[in-house]
Amino acid sequence: MKFPIVAAVAASVLSTAGLVAGDPHVIQVRAEDLKVRKHGGHSFKISQIFNHKYQHKVKGKGIRDVAKVYTKFNMKFPDHLREALIRVFGDLGMKVPGNLHALNDGLFSAGAQGEVDATPVQFDVQYLAPVQIGSPPQTVMMNFDTGSSDLWVFSSETPAKQRKGQKIYNMTESTTAELVDGHVWRISYGDGSSSSGNVYLDKVSIGGVEVDKQAVEIATHVSSSFTNDAASSGLVGLAFDSINQVKPRKQKTFFGNAIEDLAMPLFSANLNKAEPGNYNFGFIDGEEFVGPISFVDVDASRGFWEFEATGYTLPASNFTESNNKTGVFQSLPHTAIADTGTTLLMLPQPIVDNYYGQIAKARNDNAFGGYVFPCNADLPDLILHIGSYKARLTGDLIKYAPADTDDFATAKWCYGGLQSAQGFPFSIYGDIFFKAQFVVFQGGMVDKDDWSKGAKLGFAAKPGTQLPKETPAVQDGLPISNLASTVGSGRRRTGGGSCRARAN
């Protein structure tokens with residue numbers, strides 16, 4: 001899928017105290033005011049599990065993860081990134097793909113044919129979640145991705161040479177699997193590689209909530225980027241149905257099928273640094289955040305959880321006296337997406353430049369393929385403004401990976417988890433952001449007479465990241481959540497499938 005370079009979407013205007021013209025429409029809700037929308041609906045918590053095959057010590061992790069962002073969103077690789085990747089291949093003693101050398105314009109062509117792996121080692125993720133497919137259920141470990149909309153899995157039809165120990169889904173062993181005749185899927189990546197296959201309908205259960213006739217995209221060809229991650233069996237896309245890659249008829253995501261039977265039409269992401277996090281569907285756990293939740297509108301027209309951010313602040317304690325931007329809000333409106341499938345935080349160039357400008361000897365180094373800084377540096381916090389909401393990211397989260405060795409203990413230079421989104425159609429608030437902020441993803445149909453309905457994102461501080469003084473919560477309660485709902489046992493049809501809770 002190719003995304004054109006577009007201007008930022010104008011933010012909606014709310015004439016409420018504390019907001020200025022051009023700010024996104026923000027409503028804050030206290031935990032005690034959250035209400036159930038569907039009594040007797042389902043809710044569940046799904047905890048991440050550590051990927052025991054995840055490689056902690058691999059040189060070039062930072063640039064590999066930048067390459068993954070370009071690859072995922074089918075963006076052309078700039079010259080400096082291509083050259084840095086070639087050096088990483090050499091350092092790792094790996095053969096450089098011919099196409100990588102041959103690109104004399106420094107750019108990959110989107111949708112190019114052929115297998116080119118621009119991420120030289122594992123397309124690995126540190127934490128995965130169990131998903132059950134079929135009857136009887138087959139358990140596979142998958143990655144939840146709010147930046148895509150396909151549930152695809154390694155299967156018995158994936159060639160053996162493209163598998164490296166992944167658990168597979170075998171359709172022939174499921175009594176409820178149905179081939180969707182004439183339907184195929186294909187995802188092309190910015191490095192010229194692709195994954196593709198056929199489509200089945202089958203039961204999919206996550207956290208004990210089961211969707212009948214969920215579209216399961218089985219892989220008959222997998223990019224080597226995914227092949228090299230032996231622990232992960234695929235992705236669960238949680239973006240909007242409109243960017244599902246099945247043809248000729250797009251299919252619903254798991255969330256799209258289950259939403260009508262959930263107690264609340266939402267899920268939340270609670271990701272953590274250096275330990276497993278969790279996703280909650282159908283309810284909000286008030287123990288996972290502090291203060292009110294700030295809800296903003298989502299523009300789903302491009303299929304992503306897209307929102308408008310307004311600027312940034314670097315706290316005064318992190319500035320020198322000579323810097324005239326000390327602790328002052330800097331207006332920089334930008335369109336962004338919330339994407340759990342991207343590890344990094346990709347922001348507009350001015351924010352990135354000003355942030356690293358506060359760190360002695362930090363620089364944008366083409367040899368490392370991005371922004372690096374001395375590993376012994378104390379990193380400043382960063383506050384991102386989304387309308388009236390202020391999201392604090394502590395500096396320790398931005399110390400992402402060793403740059404010149406494979407271990408923090410021996411590295412002199414470290415790679416920043418904050419990198420530039422220049423050339424992308426939007427900024428990407430990835431896992432660096434999620435480790436600091438509790439985020440709610442609300443779906444549902446828009447109701448022009450009820451702002452609380454329809455696609456929303458909610459943001460709240462996690463313990464340890466709250467600002468010294470929180471903004472008082474607005475008293476209006478939105479009926480979108482539940483702090484103590486239980487899993488129901490009813491059954492009803494939803495979209496292309498039915499959803500029901502199953503006793504564990």
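I counted as a salt bridge a side-chain nitrogen of Lys or Arg within 4 Å of a carboxyl oxygen of Asp or Glu. The model is a predicted one. With that rule I found twelve salt bridges in the structure.

**Salt bridges**

I looked up aspartate 339 and found it bridged to lysine 72, with 2.9 Å between the closest N and O atoms. The two partners come from distant parts of the chain, 267 residues apart: lysine 72 is in helix 1 (residues 61-72), and aspartate 339 is in the loop between strand 16 (330-338) and strand 17 (345-347). I noted aspartate 339 as buried, because its relative accessibility is 0%.

Next I checked aspartate 79, which forms a salt bridge with arginine 82; their closest N and O atoms are 2.5 Å apart. Both residues belong to helix 2 and stand three residues apart, about one turn of the helix. An α-helix has 3.6 residues a turn, so residues three or four places apart point the same way.

I then took arginine 392 and aspartate 381, a salt bridge with the closest N and O atoms 2.9 Å apart. Arginine 392 sits in strand 21 (residues 389-393) and aspartate 381 in the loop between strand 19 and strand 20, so this bridge ties together parts eleven residues apart in sequence. Arginine 392 is partly exposed, its relative accessible area being 22%. Aspartate 381 counts as buried at 15% relative accessibility. I also recorded a network: Lys61, Asp65 and Lys68 are joined by salt bridges that share partners.

**Helix 2**

I tested the length of helix 2 (residues 79-91). Its 13 residues should span 18 Å at 1.5 Å a residue, and the end C-alpha atoms lie 19 Å apart, so the two values agree. I listed the buried residues of this helix as Leu81, Arg82, Ala84, Leu85, Ile86, Val88 and Phe89.

**Disulfide**

How many disulfides are there? I counted one disulfide. The bond joins cysteine 375 to cysteine 414, with an S to S distance of 2.1 Å. Cysteine 375 is in the loop between strand 19 (370-374) and strand 20 (382-386), and cysteine 414 is in strand 23 (residues 413-416), so parts 39 residues apart in sequence are tied together. Both ends are buried: cysteine 375 has 10% relative accessibility, and cysteine 414 has a relative accessible area of 0%.

**Aromatic rings**

I found 28 aromatic pairs in the structure. One of them is phenylalanine 73 with phenylalanine 426, an edge-to-face pair at 5.7 Å centre to centre with 80 degrees between the planes. This pair links distant parts of the chain, 353 residues apart: phenylalanine 73 is in the loop between helix 1 and helix 2, and phenylalanine 426 in the loop between strand 24 (418-420) and strand 25 (427-429). Phenylalanine 73 is buried at 1% relative accessible area, and phenylalanine 426 is buried at 3%.

I looked at phenylalanine 289 and phenylalanine 438 as well; they are stacked, 4.8 Å centre to centre, with 25 degrees between the planes. Phenylalanine 289 lies in the loop between strand 13 (278-281) and strand 14 (290-297) and phenylalanine 438 in strand 26 (residues 437-442), so the pair ties together parts 149 residues apart in sequence. Phenylalanine 289 is buried at 6% relative accessibility, and phenylalanine 438 is buried at 0%.

Last, I noted the charged end of arginine 363 over the ring of tryptophan 413, 4.0 Å from the ring centre.

Conventions: Residues numbered from 1 in each chain as written. Predicted model: local features only at pLDDT ≥ 70, side-chain atom pairs only at ≥ 80, totals over all residues. Heavy atoms only, no water. Helix = DSSP H or I, 4+ residues; strand = E, 2+ residues; numbered from the N terminus. Expected span 1.5 Å × (residues − 1). Buried < 20%, exposed > 50% of the residue type's maximum accessible area, 1.4 Å probe, protein only. Disulfide = S-S within 2.5 Å. Phe/Tyr/Trp six-rings, centres within 6.5 Å; stacked < 30°, edge-to-face > 60°. Lys NZ or Arg CZ within 6 Å of the ring centre and 35° of its normal.
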